[in-house]
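Please look over the sequence and the 3D structure below before reading on.

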Amino acid sequence: MIEVNVKAKIPFLWGKASFEKSSWANVNLIVGPNGSGKTLLAEQIERQFADAGYDINFLRAERQADDNAAAMRTIRENQAVRQKIEDVLSNMFAKAIRFEEAPGGRLVAIVVNKARGVEYNLKQGECHGLKEILTLLVALYGNSSNKKNCLILDEPELHLHPQFQQFFMNEIKKASAAEPKRVFFIITHSPYFIDLNFSEDLLGVVACHVNRAPTSIDSLSDYDEQLFRRFLPRFNTYHKQFFFSDRQIFVEGYTDQQIFTRLLSCVDSKIGSAGTGVIDVGGKDELGVFFKVCSLLGTDGRIITDLDSLFCGKLREEVCADQRTIDFLEAQREKQDGFYASLFTKKELAKKITLEKLIIRLERYLGGVGEFLADVNHSVNPEIDILVEKVKSLYAKYENPENLDTYKTVVLMGVTLERKSLEELLPLPLAASLGQIINLANLIFAAIECSRVYILRRGCIEHYYTQTNVHYMPVSSKDRIFHYEIEYMLDQSSERLKKKYDELLAILNKACS
């Protein structure tokens, strides 16, 4: 890490808050939405690194003719840089490129298209991308030295194909490894520059936000380092969208992503969904990792997840430890004292009531109801029979099903959907517990929502479908019924979608707000 104390203030964007950071990676990324102050922050970093003895080269997003002229001067004066750029560009474009003296002493780049047997002036005949990469490569290769050097690149992705963006980022990494005294700052909107291979790479990310000071990660615990070491190899270009907006919503799978994306256009106009995207992370455990990354970076990530996330996994662990959830429960303590007295012993009440304790108590209640349902042979209610059949199937398949998140989810869904019928079926003590289960679940959901996590209380996305009747989890034939549902949705107007998917829209409105 490179140690330079930086303190930045932009009052008209951040108010009285300031951004402070002293430990920097060799390659640092400044990311965030438009209007969040990325370039203004970089200007303050530039001044303070200069004060610390660094030679600064700031290549701004508004490239000027002077930038190209300076690049040509470097190529003229430095034969090693000239040869390297000729070799690199020739390999990139499959066209030989050389630099020649023109009349008047100017240096011009000549492109040789061997396939067509023609030569032409780069400035006259080539695309913006080739001119851009030329300027960038000179900034990268032409400023290398054993001195302390700082290269700041504002939007290096301009006019560059994604493959060239990746290539240039790889060149930066190579230069950083070869010259440990150099430090790079990349201001970018492109996921192709989010090149995070190791846990410590996250320490070089500065996240800018609208109307509040930037945030960054100063250190990682051993546990977090191990977590991200396993996670980062699966972190693809699509996932990296959340670096550029605080309004991203993470969901578990592609079906959730498609359904909620279709509904984004129906979000309340007072809330708006501009800048919001729905990202599927590819698994329940990955939701917990994204939650962790957002928490550490200070980005306001939102998560919509299945009901079974309440009973196991990384997301439950992270939400229980989230300060927003803790603060909510502390604020609720006096108001909930009477309710807590019905749930816990005096000894238990003497200690702090945490979200984890509330979930464990909920699980105990659900276990009692589930065990009774497993012994029911037949009821007069066909809906209860479906629930009983699902519970029995779990007992038949697993030795201790009451420990499974699916089991707890099924019972909670049953209590929520069939409370009145269950009250008539269950013995008095268990029937009396149904109200506590509902109240306890509602309190838990409210606490979790404080950390911007929203539970699909009916189970999972399939239970909100309008074209297929789905009973309890797990759901079979997911792909088939999803395509049936999404095809229906694509044919509906916004007004029709609002009526048919009002429950999902209520969740989406919360997540977007």
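Predicted model: local features only at pLDDT ≥ 70, side-chain atom pairs only at ≥ 80, totals over all residues.

Residues are numbered from 1 along each chain as its sequence is written, and side-chain values use heavy atoms, with hydrogens and water left out.

Start with the open sheet, whose three strands come in the order β5-β6-β7 with antiparallel pairing. Strands here are DSSP runs (E, at least two residues), as helices are (H or I, at least four), and both are numbered from the N terminus. Two strands pair if DSSP finds at least two bridges between them. The edges are held by β5 (96–101) and β7 (118–121); each has a single partner strand, so one side of each lacks a neighbour in the sheet. Strand β6 (residues 107–113) is joined to β7 by four bridges, and the two run antiparallel. Within this part of the sheet, V112 stands opposite E119 in β7.

Now turn to K173, which lies in helix α7 (residues 162–178). How far is K173 from E100? Their C-alpha atoms are separated by 30 Å, and the two residues are 73 places apart along the chain. K173 is partly exposed, because its relative accessible area is 23%; buried means under 20%, exposed over 50%, and partly exposed in between (1.4 Å probe, protein chains only). Apart from its neighbours within four places in sequence, K173 is in contact (heavy atoms within 4.5 Å) with D195 and D201. The side chain of K173 reaches the backbone oxygen of D195 at 3.3 Å.

Note on methods: Polar contact = N/O pair within 3.5 Å; in protein donor to acceptor, adjacent residues only side chain to side chain.
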